[in-house]
Amino acid sequence: DFDFASRVERVEPSATLAISNLANQLEADGIDVVDLSVGEPDFDTPENIKQAAKASLDAGDTSYTSSNGIPELRAAIADKLRTDGIDCEAENVVVTPGGKQALYEIFHTLIDEGDEVVLLDPAWVSYEAQAKMAGADLSRVDLSPYGFQLEPALDDLAETISDETELLVVNSPSNPTGAVYSDAALEGVRDLAVDHDVTVISDEMYDEITYGVEQTSLGSLDGMGDRTITVNGFSKAYAMTGWRLGYFCAPEEFVSQAGKIQSHSVSCAVNFVQHAGVEALTNTDESVTEMREAFRERRDMLADLFADHGVDVPVGDGAFYMMLPVDSDDQTWCEGAIEDAHVATVPGSAFGTPGYARLSYAASQERLREGVERLAEHGYI
Ligand code: PLP
């Protein structure tokens, strides 16, 4: 018998796991499942990025790198963030094996047992788990009464944030809603953060995937430079989920503390993957644009298909997700949808927002159409 640490015992197994287990079981039985549950682009990594990785491998870039990343990539990331208006130098950047690891390091750098972390619901599943593993107490603000927008929820946020709050997590464009928060909303966040001396994580993982709007970086706002930790990565914008490459940008004193977690845990991100990351940042505009356009067409098509069935789905201006309102318990709905209609989705309760199912439209138009038809046929919409 193991005497497990409370840190793992206070975290629930992921609700998404039950769905992917069901999907795998059905697929093993030879059943065709329309999988709208996955949080990754269905595109292959652009060819020039793969070539850069191969060239780097051939050049012998197979050793450890310095823990915070190769200088070329840290500099390229700082350049990118400066174009977003963030005051960032290479020294402010830590390159991590994925954005998820960046977040893990940030939570563990800041959070002591009992510290308050505020989330905006629906929130990406791993914030809660990571915050809890670090010992945080969570407070949550529900954006679902406001069509998932942050601006109308600022009063609620003001009631939740206090001088006791250590950290607020903002994710725009949002997984799972696709919402891109307005400048007025972000300025409201800034005012509260400054008033109550709160640190803010700005998770900008989907910043390249927006439709007709520009995403504003919180760290670019006056007063936010020294209290914002900007997180981003290569998984979504460049279809590089399996490469595991991400980063955060923070004030230098934060970097030196968080750097201890990085160097004593993962050591560094993969050497030749970091070299491919330089290519991705500096030479991939065209592929990013093509993927963005494809996502946009799919989003519009999916919203139209639901509208044809009389279902009004709140449509966000970014990322590749939608929250479909469901009129029964969402866990039961999602399990039923996969068992009866063979369409995999994720229950909203996994994101702190029951009553919805999250759909990813990182799938071909043909598969999306098929998915909606099956849901309609089986009475799920
Ligand atoms: N943040 C958000 C909002 C995400 O949706 C994801 C991935 O699903 C991540 C962070 C982490 O991505 P990665 O670890 O692949 O960089």
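The paragraphs below lead through this predicted model, from its domains to its core, its ligand shell and some details of its backbone. Residues are numbered from 1 along each chain as its sequence is written. Because the model is predicted, local features need pLDDT of at least 70 and side-chain atom pairs count only at pLDDT 80 or more, whereas totals for chains, interfaces and linings use all residues.

The domain assignment divides the chain into domain 1 (6–45 + 286–377) and domain 2 (48–283), with bounds that come from an automatic or database domain assignment. The centres of the two domains, taken over C-alpha atoms, are separated by 24 Å. Where they meet, 33 residues of domain 1 are in contact with 38 residues of domain 2, two residues being in contact if their C-beta atoms, placed from the backbone, lie within 7 Å. On the side of domain 1 that touches domain 2, the elements giving two or more residues are α11 (285–308) and β9 (321–325); helices (H or I, at least four residues) and strands (E, at least two) are DSSP runs, numbered from the N terminus. Six residues, the largest share of that side, come from α11. By residue type, this side of domain 1 holds 15 nonpolar, nine polar and nine charged residues, where Ala, Val, Leu, Ile, Met, Phe, Trp, Tyr, Cys and Pro count as nonpolar, Asp, Glu, Lys and Arg as charged, and the others, Gly among them, as polar.

What lies between the domains? The largest nonpolar core has 117 residues, a nonpolar core being a set of buried Ala, Val, Leu, Ile, Met, Phe, Trp, Tyr and Cys residues joined through C-beta atoms within 7 Å. Helix α5 (residues 99–110) gives the most to this core, with six residues, and because domain 1 and domain 2 both contribute residues, the core lies between them. Among the residues with the most contacts inside the core are Ile106 and Phe248, and phenylalanine 248 touches Ile106 as well as Val94, Thr96, Ala102, Ile229, Thr230 and Val231, not counting residues up to four places away in sequence.

The ligand is surrounded by 13 residues, of which the closest are Gly98, Gly99, Lys100, Gly233 and Ser235; a residue is taken as near if its C-beta atom, placed from the backbone, lies within 6 Å. This shell consists of two nonpolar, nine polar and two charged residues.

Helix α6 (residues 125–133) has as its buried residues Val125, Tyr127, Glu128, Gln130, Ala131 and Lys132. The elements that cover them include α2 (15–28), α5, β3 (116–121), β4 (137–142) and β5 (165–171). After α6 comes glycine 135, with a positive phi near 100°.

The loop between β5 and α8 (183–195) contains proline 173 and also proline 176. The peptide bond from serine 172 to proline 173 is cis, with omega near -5°, and the bond from asparagine 175 to proline 176 is cis too, with omega near 25°.

Serine 267 sits in the loop between α9 (252–265) and α10 (271–283), and it counts as exposed because it has 12 C-beta neighbours inside 10 Å. Histidine 342, in the loop between α12 (330–341) and β10 (343–344), counts as buried because it has 21 such neighbours inside 10 Å. The cut-offs are 20 or more other C-beta atoms within 10 Å for buried, 12 or fewer for exposed, and partly exposed in between, with C-beta atoms placed from the backbone.
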